[in-house]
Protein chains: 2
Amino acid sequence: MINSLKATTKLGFLGAGQLARMSALEAFKLGIQVAVFSDRTENEPVQFMTPFSASGSFDSVDDMVEFAKGCDVITLENEFISSEILQEVQDKSGTPIFPSPKSFSLIENKLIEKQTFENAGIPVTPYKLVRSGSDLKEFGDTHGWPYLLKSSKGGYDGYGNETVRNLESAKEAFEKLGGNKNRDILAEAFVPFTKEFAVQVARNETGTVVYPCCETVQENHICVAVLSPAPIEEKYQKKAQELAVKAVEAIDGKGIYAFEFFLTEDGNILLNESAPRPHNSGHYTIEGCISSQFENHVRAVLGLPLGSTKMNVPAVAMINLLGTHNRPAEADNIKRGLETENGHLHVYGKVQSKVGRKMAHYTLLGDNLEAVYKNAKEVSSKIEI
Amino acid sequence: MINSLKATTKLGFLGAGQLARMSALEAFKLGIQVAVFSDRTENEPVQFMTPFSASGSFDSVDDMVEFAKGCDVITLENEFISSEILQEVQDKSGTPIFPSPKSFSLIENKLIEKQTFENAGIPVTPYKLVRSGSDLKEFGDTHGWPYLLKSSKGGYDGYGNETVRNLESAKEAFEKLGGNKNRDILAEAFVPFTKEFAVQVARNETGTVVYPCCETVQENHICVAVLSPAPIEEKYQKKAQELAVKAVEAIDGKGIYAFEFFLTEDGNILLNESAPRPHNSGHYTIEGCISSQFENHVRAVLGLPLGSTKMNVPAVAMINLLGTHNRPAEADNIKRGLETENGHLHVYGKVQSKVGRKMAHYTLLGDNLEAVYKNAKEVSSKIEI
């Protein structure tokens with residue numbers, strides 16, 4: 001465990017988006033320095049926050065080794081770099097990477113991820129690796145149509161997922177996802193769920209802390225809102241938290257992790273997806289909890305004691321502000337959002353708006369979840385970005 | 001009033017220390033960019049937080065004009081630049097500066113500051129401009145020995161202040177402070193006070209918000225702790241808040257301002273000092289209030305609506321962590337501080353520790369002020385820095 005921090009300690013981020021940006025703010029609070037490696041040369045959110053920027057390819061070990069040598073600890077904000085490459089970067093630079101390449105290797109591929117968690121006794125949604133037309137047919141016949149096809153690597157925010165309604169569309173999607181090009185494609189049954197929710201867990205050598213169970217409200221496979229605590233019975237909240245801790249332990253995780261669950265109609269909780277990094281479902285913790293997911297992420301990867309995950313108020317709603325225009329980024333009509341008591345606007349500093357792009361979020365705190373959610377939706381619906 | 005924010009909006013800070021650093025974190029939260037002008041070329045706290053750094057002299061209009069031209073709004077974190085120079089920088093660059101050079105001109109000189117607030121009907125500590133030995137004697141004879149001599153410009157944290165016990169020491173101090181070199185020297189009576197406290201006020205064209213009245217605990221003219229709300233009768237708290245708002249209005253302030261008061265033994269409240277910037281007495285607002293002094297500073301200078309100043313909890317104690325060693329900066333023994341529930345460590349990123357230098361602060365939140373203060377002192381006393 002680390003009991004001190006030098007001012008010259010440098011935390012390096014592979015990836016320069018909003019997750020790294022919000023983590024960097026917490027690193028700054030602890031007085032340390034931030035460096036960023038991006039696959040773009042300029043205009044990424046974290047590049048505006050540090051004089052220590054490097055760019056190169058996420059596939060180039062050499063590019064990242066040089067960057068890593070200048071840092072004390074490296075962390076990730078996405079799943080775009082393979083665990084093999086991360087391992088090489090760590091070995092050649094001598095700089096530790098968290099989540100560790102080993103932990104990441106257990107979840108980077110959706111097939112291995114399912115097996116990892118299943119082996120740890122965590123219920124997951126029914127799935128199968130599909131390789132042929134007959135596999136596609138058999139899965140639908142067994143688990144019902146429609147079902148989901150997922151690329152086993154590289155998907156996020158619904159990209160890399162296809163809903164298939166019959167054998168014909170399944171074959172099309174299989175090809176689209178690269179199944180004919182040696183990519184592993186996973187079939188996943190549609191689970192008749194009543195709620196989707198998420199739990200964040202931070203863990204390192206000093207201990208493990210688990211956040212409240214929050215509800216994630218999805219539209220078109222994109223999270224549009226998060227409500228915490230999730231409006232479900234406490235026994236389900238506790239169960240999800242237990243499973244989330246079990247899941248982090250199963251991969252010996254160090255850092256912050258997010259787990260998304262389904263509550264099925266018959267009262268079962270199934271693990272749907274995991275992320276070895278700060279997660280959109282945990283943005284509400286910035287104001288909603290004593291120590292946010294970003295703060296505990298930074299503390300965890302640095303080996304510091306973890307902070308309390310208790311909520312500061314009884315109810316929090318977080319609304320994602322997705323791009324409403326294709327234009328140079330500008331947050332418009334923010335007056336009401338800023339005026340609303342205990343409403344907090346976070347803008348990510350992306351210089352280009354695109355319709356549907358995650359540009360910002362709005363968090364509202366209060367006493368009653370229903371009222372807070374209604375108010376947050378109303379206020380944030382005015383904001384154009 | 002501003003109702004939108006472009007991602008390319010750039011807020012420029014003249015000064016690169018911890019006050020600018022904590023303000024910059026709030027600018028980043030709103031998705032805008034930060035630029036910094038320092039009188040040192042490297043290793044200042046904000047210089048680690050942006051790719052947009054410039055350095056030069058605080059006396060050079062040209063250096064600062066060039067910097068200001070690249071920014072949308074300029075703000076200050078110290079009182080080192082004269083209002084005349086600020087006015088020239090604003091005129092030549094076309095970039096607005098807040099606090100405005102006009103507002104600043106009404107308080108930058110301690111003599112004018114006293115007159116400004118006295119004229120606005122705000123009680124101040126008894127003072128007099130002293131020019132000669134007979135002035136020094138007369139002030140002591142009238143208001144009692146010892147009293148204070150203050151340089152009318154450039155003092156902070158007790159520098160530029162001298163306590164004088166008799167005519168001889170008064171003459172020595174007068175010379176030391178530059179009284180023989182045409183500097184304006186102010187004599188100020190020692191006020192028999194029971195408490196010192198402070199109030200922050202944020203103000204712009206959208207309105208005015210006032211923070212709770214907090215107690216400042218001083219040792220050797222340096223603030224060592226802040227307790228909020230101040231443990232004094234509510235009528236005094238309200239009175240101080242009223243006077244603080246009156247004071248900001250008297251200088252037509254835009255931005256955040258701090259006012260330090262004495263509560264005298266006979267129950268009067270006297271304005272002691274003012275600062276046209278975020279202030280050490282308001283660091284507790286980061287976690288203690290819904291919107292911190294730094295957030296409202298950024299909002300105020302950008303022309304955005306101001307956030308709520310309500311406290312999040314009943315009691316907050318903030319402890320200044322002054323340098324305990326002369327060495328490359330390192331925060332040691334931080335474990336207990338990080339582990340304590342609702343304790344928040346802020347380290348400023350200065351690379352060199354000096355004994356007595358403001359390096360960091362520790363804020364503890366809770367229900368009972370006395371207990372919180374005791375606990376905060378104990379936990380933070382372990383930290384070496």
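In which handedness of crossing does H2(A) pass H3(A)? The crossing of H2(A) past H3(A) is right-handed. Bear in mind that this is a predicted model.

Here's the rest of that helix pair. Helix H2 of chain A covers residues 61-69 and helix H3 of chain A covers residues 83-93; they pack at an angle of about 45°, and their axes are 9 Å apart. The angle therefore makes H2(A) oblique to H3(A). On the H2(A) side, the contact comes from A:Val61, A:Met64, A:Val65, A:Ala68 and A:Lys69. H3(A) answers with A:Ile85, A:Glu88, A:Val89, A:Lys92 and A:Ser93. Sorted by class, that contact has six nonpolar, one polar and three charged residues.

Zooming out, chain A splits into three pieces:

| Domain of chain A | Residues |
|---|---|
| Domain 1 | 10-98 |
| Domain 2 | 126-189 |
| Domain 3 | 193-381 |

Between the C-alpha centres of domain 2 and domain 3 of chain A there are 29 Å.

Now for the meeting of the two chains. Chain B puts 44 residues in contact with 44 residues of chain A. On the chain B side, the elements giving two or more residues are strand E1 (4-6), helix H1 (18-29), strand E19 (330-332), helix H11 (335-339) and strand E20 (343-347). That side of chain B divides into 20 nonpolar, 15 polar and nine charged residues.

Conventions
Residues are numbered from 1 along each chain as its sequence is written. Chains are lettered from A and ligands numbered from 1 in the order in which they are written. This is a predicted model: local features need pLDDT of at least 70, side-chain atom pairs count only at pLDDT 80 or more; totals for chains, interfaces and linings use all residues. Axes are lines fitted to C-alpha atoms, for helices over the stretch in contact, and angles run from 0 to 180 degrees between N-to-C directions. Helices (H or I, at least four residues) and strands (E, at least two) are DSSP runs, numbered from the N terminus. Angles under 35 degrees count as roughly parallel, over 145 as roughly antiparallel, 65 to 115 as roughly perpendicular and the rest as oblique. A crossing is left-handed if the near helix is turned anticlockwise from the far one by less than a right angle, and right-handed if clockwise. Two residues are in contact if their C-beta atoms, placed from the backbone, lie within 7 Å. Ala, Val, Leu, Ile, Met, Phe, Trp, Tyr, Cys and Pro count as nonpolar, Asp, Glu, Lys and Arg as charged, and the others, Gly among them, as polar. Domain bounds come from an automatic or database domain assignment.
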